[in-house]
Amino acid sequence: MEELKTQDVSLREYYVGVDLGGTKMLAALISGDGNIIAKEEIPTLAQQGEAAVLDRLGSLIEGLLATAPGGRGVLRGIGVATAGTLDTANGVVTFATNLGWRDVAVAAVLTDRFGCAVRLENDATAAAVGEWLAGAGEGAPDCVFVTISTGIGGGIISGGRLIAGTNHNAGELGHISIDGNGPLCPCGNVGCLELYASGTAIGRRGADYVRRAGEGAAGALVRLAGGDPNRVDARLVAAAAAEGDAAASGILREAGRALGIGLVSILHLLNPQVVILGGGASHIGEPLLGPMREIVEERCLPSIRGPVRFAASALGSSAGAVGAALLMSQSR
């Protein structure tokens with residue numbers, strides 16, 4: 001278990017924030033002012049079923065509470081951030097493909113075990129709140145968090161308030177259409193941003209290139225993949241681009257330009273002070289983000305573009321857990 005700020009353990013109130021994903025779950029013990037006291041990440045093992053996953057989550061939380069003076073007695077609430085379709089009012093995951101869940105009463109299970117309030121929230125929304133209150137957007141009343149990962153998601157803070165939407169699904173930035181004649185997205189829309197600029201999209205384009213080029217072709221992308229398109233993901237494309245591979249660099253440039261096109265619409269709609277970029281694919285850096293900024297510079301209204309600051313996520317993989325805990329603390 002990673003202990004980060006042991007000097008804060010004298011504080012009297014604590015919250016637990018959880019980022020529950022299909023591959024891993026991260027839980028953090030958070031003080032009321034947003035400091036991380038301790039955190040731990042373990043595999044989700046979703047294939048074992050919902051009861052086993054929630055039991056493992058409960059044990060993870062108990063381990064964190066053991067680091068706080070007073071144990072369970074200092075726990076004031078649990079916030080859980082996760083993907084999928086959520087009934088946030090009742091704390092139910094109604095459908096989550098990454099977990100294979102339907103109608104799972106997460107809040108009720110954790111409330112029964114820990115005897116405290118539990119709040120369920122969309123993972124990208126929670127990450128936006130974490131970055132806004134305790135990360136790269138701290139002090140900015142108007143900011144947008146964009147996560148570039150398997151898909152593209154986001155969260156919106158406007159006028160110092162979280163914009164959650166009618167059923168807490170606001171911020172589906174990956175499903176802004178940037179091509180009205182583009183391919184069909186599983187969401188039902190066409191030409192969605194995440195079909196062009198997500199980590200999945202980058203990996204898919206890289207795999208297509210390796211497939212077309214053949215095993216004996218020159219270049220770092222084919223070599224790093226061993227000629228096998230099934231080995232290609234966004235990380236491998238980025239590694240090939242870092243070696244100067246023209247094909248990989250071109251793939252990242254096109255993805256970055258697509259991201260910029262989507263961001264221009266987001267900026268025109270929301271007029272934020274800060275755009276925070278998170279998620280694994282954001283770590284690719286300039287080969288992806290340079291073309292993004294070029295498009296924003298070319299196409300965004302100067303009066304909207306001028307005040308915007310682009311920032312990397314300050315909380316990294318902990319953003320969702322921190323945000324979930326802070327949302328829980330503010331809802332009491």
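Buried means under 20% relative accessible area, exposed over 50%, and partly exposed in between, with a 1.4 Å probe and protein chains only. The model is predicted: local features need pLDDT of at least 70, side-chain atom pairs count only at pLDDT 80 or more, and totals for chains, interfaces and linings use all residues. Residues are numbered from 1 along each chain as its sequence is written, and side-chain values use heavy atoms, with hydrogens and water left out.

**View 1. Leu45 and Asp103 have positive phi values.**
Leu45 is partly exposed, at 27% relative accessible area. Its phi is near 55°, a positive value in a residue other than glycine. Leu45 sits in the loop between strand E4 (36-43) and helix H1 (50-65). Helices (H or I, at least four residues) and strands (E, at least two) are DSSP runs, numbered from the N terminus. Asp103 belongs to strand E8 (residues 101-104). Its phi is about 55°, again positive and not a glycine. Asp103 counts as exposed, at 57% relative accessibility. Most residues other than glycine have a negative phi.

**View 2. The largest nonpolar core has 42 residues.**
A nonpolar core is a set of buried Ala, Val, Leu, Ile, Met, Phe, Trp, Tyr and Cys residues joined through side-chain atoms within 4.5 Å. Val146, Ile202, Leu221, Val232, Val237, Leu259 and Leu263 have the most contacts inside the largest core. Elements giving two or more residues to this core include strand E10 (143-148), helix H5 (199-213), helix H8 (246-270) and helix H9 (286-299). H8 gives the largest share, 10 residues. A second, separate core of 36 residues includes Tyr14, Val80, Leu86 and Trp101.

**View 3. Helix H5 packs through its buried residues.**
H5 has 15 residues. From first C-alpha to last, H5 reaches 21 Å, close to the 21 Å expected at 1.5 Å a residue; the expected span is 1.5 Å times one less than the number of residues. Gly199, Ala201, Ile202, Gly203, Gly206, Ala207 and Val210 are buried in H5. The buried residues of H5 pack against helix H4 (194-197), H6, H7, H8 and H9. Contact means heavy atoms within 4.5 Å. Beyond four places away in sequence, Ile202 touches Ala197, Ala234, Val237, Ile251, Leu252, Ala255, Ile284 and Leu288. Gly214 follows H5, with a positive phi near 90°.

**View 4. Five strands form an open sheet in the order E12-E11-E10-E13-E14.**
Pairing in this sheet is mixed. Two strands pair if DSSP finds at least two bridges between them. Strand E12 (161-163) and strand E14 (309-312) stand at the edges, each with a single partner strand, so one side of each lacks a neighbour in the sheet. The twist averages 25° from one strand to the next. E10 and strand E11 (residues 152-158) run antiparallel, joined by 6 bridges. Cys143 stands opposite Ile157 in E11. H8 packs on the sheet and touches E10, E11, E13 and E14. The direction of H8 makes about 160° with that of E10; axes are lines fitted to C-alpha atoms, for helices over the stretch in contact, and angles run from 0 to 180 degrees between N-to-C directions.

**View 5. Strand E9 pairs with strand E5.**
E9 covers residues 118-122. In E9, 4 of the 5 residues are buried, so the strand is largely enclosed by the rest of the structure. Strand E5 (residues 75-82) and E9 are parallel, over 5 bridges. Leu120 in E9 is the bridge partner of Val80.
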